[in-house]
Amino acid sequence: MPTLTDHAHEHRVSRAEFEAFREGRHDHARYELLDGEILVTPSPSVLHQHVVRRLMALLESIPLSDMAILTAPLDLDLDVPGTGTLLQPDLFVAPFSPGEIALSGPPLLIVEVLSASTWRRDLGIKRDAYAAAGVEHYWVMAPNTPSITVYRLGPDGAYREEAHVVGQDRWTAITPVEITLCPADLVR
């Protein structure tokens, strides 16, 4: 039996069509454009936002020269040739200079916090889009476990799992920032 996704290629929209569609919405959903397809995500849960805020606080405690720590809702144009892709990662660290109106390159790090409505995308098509854009570091936080899976872009352009940290375990990242993470601490 055919599904809507079997015919998704017939329903691609341009960036201008996406912007017009999104502008007419007055709800609290998050709208993203991935390869011409509109992705709709409901507003995040309290736990989701709590984890994003805890991660942001940890990252803000680290001196990051010429970098910005940013969160959704903020459009990230991945500038992947031949695609209409405009995503809103939960949190990202990107090169930034004061006075810039746009980011000067792909983020160094993207973090997505999994939820019941986003986990398939975050671990599938969005992860693939981030890899195609050259985002070297991708962290995925599962607050209900709690766990963090750390991916790094390999020479073949695909992500490789670098670490999987669960519960009270600790892991120290050296790049793109030096930080020690404990998944259980992020959900407290």
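**A guided reading of a predicted protein chain**

Arg53 is found in helix 2, which covers residues 46-60. Helices here are DSSP runs of H or I with at least four residues, strands are runs of E with at least two, and both are numbered from the N terminus. The model is a predicted one, in which local features need pLDDT of at least 70 and side-chain atom pairs count only at pLDDT 80 or more, while totals for chains, interfaces and linings use all residues. Residues are numbered from 1 along each chain as its sequence is written, and side-chain values use heavy atoms, with hydrogens and water left out.

Arg53 is partly exposed, at a relative accessible area of 45%. On this scale, buried means under 20% relative accessible area, exposed means over 50%, and partly exposed lies in between (1.4 Å probe, protein chains only). Thr175 stands 122 residues from Arg53 along the chain, and 21 Å separates their C-alpha atoms.

The chain as a whole can now be considered. The protein chain contains 5 helices and 12 strands. Its radius of gyration is 17 Å, close to the 16 Å that the globule rule gives for 188 residues, so the chain is as compact as a globular protein of that length. That radius is taken over C-alpha atoms, and the globule rule is 2.2 Å times the number of residues to the power 0.38. Along the principal axes, the C-alpha atoms fill a box of roughly 45 × 45 × 40 Å. Of the 188 residues, 41% are buried. Contact means heavy atoms within 4.5 Å; among contacts between residues at least 6 apart in sequence, 48% join residues at least 24 apart.

Asp122 belongs to helix 3 (residues 119-122) and counts as buried, at 2% relative accessibility. Apart from neighbours within four places in sequence, Asp122 is in contact with Glu112, Val113, Leu114, Arg127 and Tyr138.

After helix 4 comes Gly134, with a positive phi near 85 degrees. Val135 lies in the loop between helix 4 and strand 8 (137-142). Is Val135 buried or exposed? Val135 counts as buried, at 0% relative accessibility. Leaving aside neighbours within four places in sequence, the contacts of Val135 include Pro106, Leu109, Tyr130, Leu153 and Tyr159. Val13 is 122 residues from Val135 along the chain, and their C-alpha atoms are separated by 24 Å.

Two tyrosines named above, Tyr130 and Tyr138, form one aromatic cluster with Tyr151 and Tyr159. Rings of Phe, Tyr and Trp (its six-membered ring) pair if their centres lie within 6.5 Å; planes under 30 degrees apart count as stacked, over 60 as edge-to-face and the rest as tilted. The structure holds 6 aromatic pairs. One of them joins Tyr151 and Tyr159 in a tilted arrangement, at 6.3 Å centre to centre and with 55 degrees between the planes. Tyr151 is buried, with a relative accessible area of 11%, and Tyr159 also counts as buried, at 11% relative accessibility.
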